[in-house]
Amino acid sequence: MPVELQSQRVRAAGKFLRRGEGKFFVKGLTYGPFEPGADGHGVKAGVDLARDLEQVAALGANTLRVYEPPPSSFLDACAEHGLHVLIGVPWPDHVDFLDGAGLRGSCVDSVREVVGASRGHPAVLGYLVGNEIEATLVRWLGPGKVKRLLEDLIDAGRSVDPGALFAYANYPSTEYLNPGNADFVAYNIYLEREADLARYLGRLQNVAGDRPLLLSEFGADSLALGRAGQAEVVGWGVDAGFAAGAAGTVVFAFTDEWFRGGKEVRGWDFGVVTRERDPKPAGDALRGRYRRIGSAAEAAPLARAPKFSVIVCTHNGAGTLAACLESLGAMRYPDYEVIVVDDGSDDATAEIAAGAPHVRYLRQDHAGLGAARNLGAAEATGEIFAYTDDDCVADEDWLHYLAAALEGGRYGAAGGPNIPPPPRNRPEACVGAAPGAPAHVLLDDRTAEHLPGCNLAVARDAFERVGGFLPEYRAAGDDVDFCWRLQDAGVRIGFAPAAMVWHHRRSSVKAYLKQQIGYGKAEAILISHHPDRFGMLGGARWRGVVYGGHRGALGLATRIYRGVFGYAAFQTVYAPAESDFFHIASGVQWVVAAAALLLLGFAFPSLIVVGLLMLACTFFFAVREAWRPRLAEPYRGPKSRCLLALLCLAQPVLRGGARTLGALRRGKAPRGPILAGNFGKPPKLGLWKRVGRLRLWSERGLGRDILLDKITGTLRRLGWPHSIDNGWRDWDLEVDRGLLWRVRVTTVTEYHGGEKCLTRVRLSSRAKPLMVFGNVALAVALAALAWGAPHRFIWLGGTYLLWWAALEVRHRQLVESLSRLVANVAGEVGFDKVE
């Protein structure tokens with residue numbers, strides 16, 4: 001067995017996978033599924049597994065992705081050839097797997113069984129607990145429920161093999177479906193234009209957030225494109241993946257041979273070798289790339305390597321400076337210098353810098369962060385200044401990815417994500433999830449409005465164009481001001497998702513709150529320089545989107561564009577910005593006003609109720625924010641949630657208070673609008689009542705499309721008012737049944753092999769506003785009649801119950817009429833069985 005497979009297992013670390021101290025780039029091929037054979041490898045009889053694995057290894061691949069659980073003999077054979085295996089875990093993900101607790105439990109058991117059979121094997125890279133759950137099925141089940149099941153499957157697998165990697169193989173039609181506990185984010189993508197793939201990978205890097213991105217399937221059909229065309233697509237596909245900073249690519253497939261649904265698939269030839277294992281040009285294209293890739297420089301080569309001056313400004317940062325400088329000394333970049341600017345420290349900063357031979361040490365009297373950054377730039381000799389903080393640890397390829405982002409001159413500045421390392425205790429875990437951390441703000445997937453100064457590179461000419469940093473910013477805010485002035489001067493700022501640094505958050509609650517007060521003071525200075533970029537209540541008015549939030553959150557207010565009937569190829573989730581009311585009710589002005597009302601309540605008791613209601617809103621938003629993030633594994637209990645809720649409560653008040661007081665002292669006020677104009681919409685709580693289901697079987701491939709088309713035509717012929725999904729709905733048809741009720745029709749088709757199909761139909765009803773308000777008015781009127789006359793209460797209450805019973809009878813009649821209509825239409829279309 002090769003030595004590298006016997007060493008430490010591959011793990012996720014920030015935006016990359018690592019094994020031991022080095023990075024592990026997945027260079028993969030899919031393998032199978034094949035027609036089952038007697039050899040026990042899942043390979044058709046007569047196929048030489050050893051020869052296949054030799055060919056795979058000769059192509060430079062280091063990973064095979066398989067879709068069925070392999071026997072241990074297969075894993076042993078892969079290990080002998082130095083190959084890792086990414087194992088797909090099969091379970092019934094093509095049917096309504098949430099229809100009953102028993103089926104859900106069997107899915108969890110399947111994951112435990114598969115992981116248990118391969119647990120700890122050195123060839124196992126990880127497990128994919130699902131693959132491309134069909135978009136209309138996710139729409140039928142509800143994306144939140146599907147996401148929670150995937151997270152349960154990952155937790156179940158991890159409980160059996162804690163050292164393995166776990167993820168879900170997603171695809172663009174359910175882009176939003178990302179388990180929050182996955183170790184990496186995987187997507188199967190098939191695009192035949194290089195520019196389209198490059199753009200979409202940029203988007204997926206932002207979807208992945210602080211986790212590695214794996215291109216888990218990509219390929220081209222040599223029958224459709226020709227063998228030369230296939231080779232071209234495979235070549236630039238691999239190049240695009242690594243240029244985007246992905247952790248690896250998996251090309252579909254090793255061979256044209258592919259067995260699925262009980263038969264061999266013909267008409268598609270995606271293999272880089274033929275069914276007979278003869279080489280194709282795509283294999284040569286792959287070999288030329290996979291065999292050269294061992295580092296970021298080889299994965300995404302630069303046209304030239306400009307000299308960087310890495311500038312670290314520190315004030316009493318001795319506690320973390322040594323680790324920072326050690327990481328900067330290990331950069332895999334050919335031409336750079338490291339400058340430490342000591343801003344009047346009285347700790348061991350000078351000694352630590354002197355102990356790093358690659359560092360040039362500068363010292364100034366304590367003048368603040370802005371002045372220190374300018375001093376470093378004045379002494380720098382590089383073409384590009386790269387700033388980071390003394391509490392950061394830079395990735396060894398940080399400068400390489402920054403240079404790639406700045407290459408070509410499109411951007412004059414660039415930076416990447418700053419990712420918190422795993423927390424060491426509960427306060428660190430809660431502070432890392434609390435609001436107010438340094439975060440990048442993006443105008444689009446590649447262009448930034450703001451990048452934190454802990455990960456910011458700027459070309460010398462762009463720096464000089466704006467005159468550097470303003471010395472007035474002594475502790476914070478300098479990076480915000482600098483980025484805004486760069487853009488005002490016509491300099492574009494690029495975002496490089498792979499140019500990551502580890503950035504320690506504050507290690508205690510006290511330090512965190514002190515930091516937030518400092519940020520508030522810095523924002524007061526920003527208001528004086530950029531009054532139009534702040535609202536009248538003090539908050540910054542970003543033009544872009546603030547990144548860094550909750551992994552894969554699917555809240556009540558999120559909207560998903562799915563296309564009509566859920567068929568859009570690229571489906572996107574839209575999470576609206578927080579409403580103005582959230583910002584108002586969380587802010588210091590609101591809290592001060594509530595406290596004032598409580599004090600006035602001693603003289604006017606009715607004001608106490610108003611003050612308490614205002615504070616209740618504040619507490620509600622704090623608790624809601626505290627329940628959103630997914631905390632690290634040991635710190636998910638109620639103690640952590642309560643601590644996080646207190647931080648969410650205190651942070652906007654302390655930061656806003658410092659900002660407001662600072663602005664008042666400076667005599668400056670923001671000139672932006674009081675409100676952002678986003679008042680929000682009440683969330684749709686899913687109050688629809690499910691009143692009926694039908695199951696339609698077909699042995700001839702009939703599905704929901706022909707059913708919906710026929711139902712729509714029937715409704716039109718009958719003159720029943722109805723509406724059709726516009727792409728934003730989670731239903732197909734909505735039928736307006738009189739003044740009181742609406743009934744929605746939702747469908748999904750399951751495919752059970754060959755032409756066997758099961759179409760499920762769900763009917764849901766809801767009272768219309770007239771029904772709701774009419775009943776409320778009637779109840780109020782009856783209560784008024786019964787007031788003061790208890791003997792009337794019984795017969796008036798009975799009358800009201802009889803009224804409700806009559807309405808329910810009418811409601812059932814309407815639903816049954818629509819259910820009969822659907823059943824009749826299904827019979828006319830030719831479904832074999834209606835249940």
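Ala414 stands opposite Ala457 of strand 23 in this predicted model. Strand 19 (residues 413–415) and strand 23 (residues 456–459) pair in the antiparallel sense over 2 bridges; strands count as paired if DSSP finds at least two bridges between them. Helices (H or I, at least four residues) and strands (E, at least two) are DSSP runs numbered from the N terminus. Residues are numbered from 1 along each chain as its sequence is written.

An open sheet of 10 strands with mixed pairing has the order 16-15-14-17-23-19-24-22-21-26. Strand 16 (359–364) and strand 26 (545–546) are at the edges, and each has a single partner strand, so one side of each lacks a neighbour in the sheet. Helix 17 (residues 478–488) lies across strand 19, strand 22 (447–450), strand 23 and strand 24 (493–495), where contact means heavy atoms within 4.5 Å. The helix runs at about 125 degrees to strand 22; axes are lines fitted to C-alpha atoms, for helices over the stretch in contact, and angles run from 0 to 180 degrees between N-to-C directions.

In strand 15 (residues 336–343), 7 of the 8 residues are buried, so this strand is largely enclosed by the rest of the structure. Buried denotes under 20% relative accessible area, exposed over 50%, and partly exposed in between (1.4 Å probe, protein chains only). Strand 14 (residues 308–314) runs parallel to strand 15 and is joined to it by 7 bridges, with Cys313 opposite Val341. The chain passes from strand 14 through helix 11 (residues 318–329) to strand 15 in a right-handed β-α-β crossover, that is, with the strands pointing away from the viewer, the path from the first strand over the helix to the second runs clockwise. Strands 15 and 16 are also parallel, joined by 6 bridges, and Val340 stands opposite Tyr361. Helix 12 (residues 349–354) carries the chain from strand 15 to strand 16, and this β-α-β crossover is right-handed.

In helix 2 (residues 49–58), Leu49, Asp52, Leu53, Gln55 and Val56 are buried. Viewed down the helix axis, these residues fall within an arc of 160 degrees, so they line one face of helix 2; the arc is that of the directions from the helix axis to the C-beta atoms. They pack against strand 4 (26–30), strand 5 (63–66) and helix 3 (72–80). Just after helix 2, Gly60 takes a positive phi of about 90 degrees.

Notes
This is a predicted model: local features need pLDDT of at least 70, side-chain atom pairs count only at pLDDT 80 or more; totals for chains, interfaces and linings use all residues. Side-chain values use heavy atoms; hydrogens and water are left out.
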